[in-house]
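Please look through the sequence and the structure below before reading on. The briefing is written for someone meeting them for the first time.

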Amino acid sequence: VTPVEVLQIVSEVTQGSDSGTLNSREFLVVMRKVREREVSRIMDAMRRVDEDAKLNDVCAEVSPAASALARMHALLLVLGYFPDDDAIREAGEEAGLGHLFKSTEEQGVNDGV
């Protein structure tokens, strides 16, 4: 959400109020609306990545780990970030989803195979 969008939300929430400040209730309403817009933006980006035929073709040809990494990489790009594959893997590990980003060979080594 851009600063201009936040100002628009504040203006909507405080219509008719000339105090120049937000009370606690107004602040919470503004934050909820900002969160809703962010969630909507992320969901739209996820849909675009899922609908990307070229990405889906590439993902169909590679391992599940490479597919998950490619999708996350694409999602972060769509959201305006400059993703780093090692950081994606590390974040996946910390979130308990590291298995999604490991190749079959890595999984076998880590499982003691």
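What follows is a short briefing, grouped by topic.

This is a predicted model, in which local features need pLDDT of at least 70 and side-chain atom pairs count only at pLDDT 80 or more, while totals for chains, interfaces and linings use all residues. Residues are numbered from 1 along each chain as its sequence is written, and side-chain values use heavy atoms, with hydrogens and water left out.

**Overall make-up and confidence**

- The chain holds six helices and zero strands, where helices (H or I, at least four residues) and strands (E, at least two) are DSSP runs numbered from the N terminus.
- Of the 113 residues of the chain, 21% count as buried, a term that means under 20% relative accessible area, with exposed being over 50% and partly exposed in between (1.4 Å probe, protein chains only).
- The mean pLDDT of the chain is 83, and 80% of its residues reach 70 or more, pLDDT being the predictor's confidence in each residue, from 0 to 100.
- Confidence is lowest in helix α6 (residues 104–110), at a mean of 54, and highest in α2, at 93.
- Where pLDDT is low, the predicted coordinates should not be read in detail.

- Helix α2 (residues 24–51) has 28 residues and reaches 41 Å from its first C-alpha to its last, close to the 40 Å expected, the expected span being 1.5 Å times one less than the number of residues.
- The buried residues of α2 include E26, V29 and V30.
- T14 sits in the loop between α1 (3–13) and α2, and T14 is buried, with a relative accessible area of 15%.
- T14 touches L22 and E26, not counting residues up to four places away in sequence, and a polar atom of the T14 side chain lies 2.7 Å from the backbone oxygen of V10.

**Later helices**

- A68 is found in helix α4 (residues 64–78), and, leaving aside neighbours within four places in sequence, A68 is in contact (heavy atoms within 4.5 Å) with L100 and F101.
- A68 and K102 are 34 residues apart in sequence and 9.2 Å apart in space, C-alpha to C-alpha.
- D84 caps the N-terminal end of helix α5 (residues 85–94), where a side-chain oxygen lies 3.1 Å from the backbone nitrogen of D86.
- G96, whose phi is positive, near 80 degrees, follows α5.

Conventions
Polar contact = N/O pair within 3.5 Å; in protein donor to acceptor, adjacent residues only side chain to side chain.
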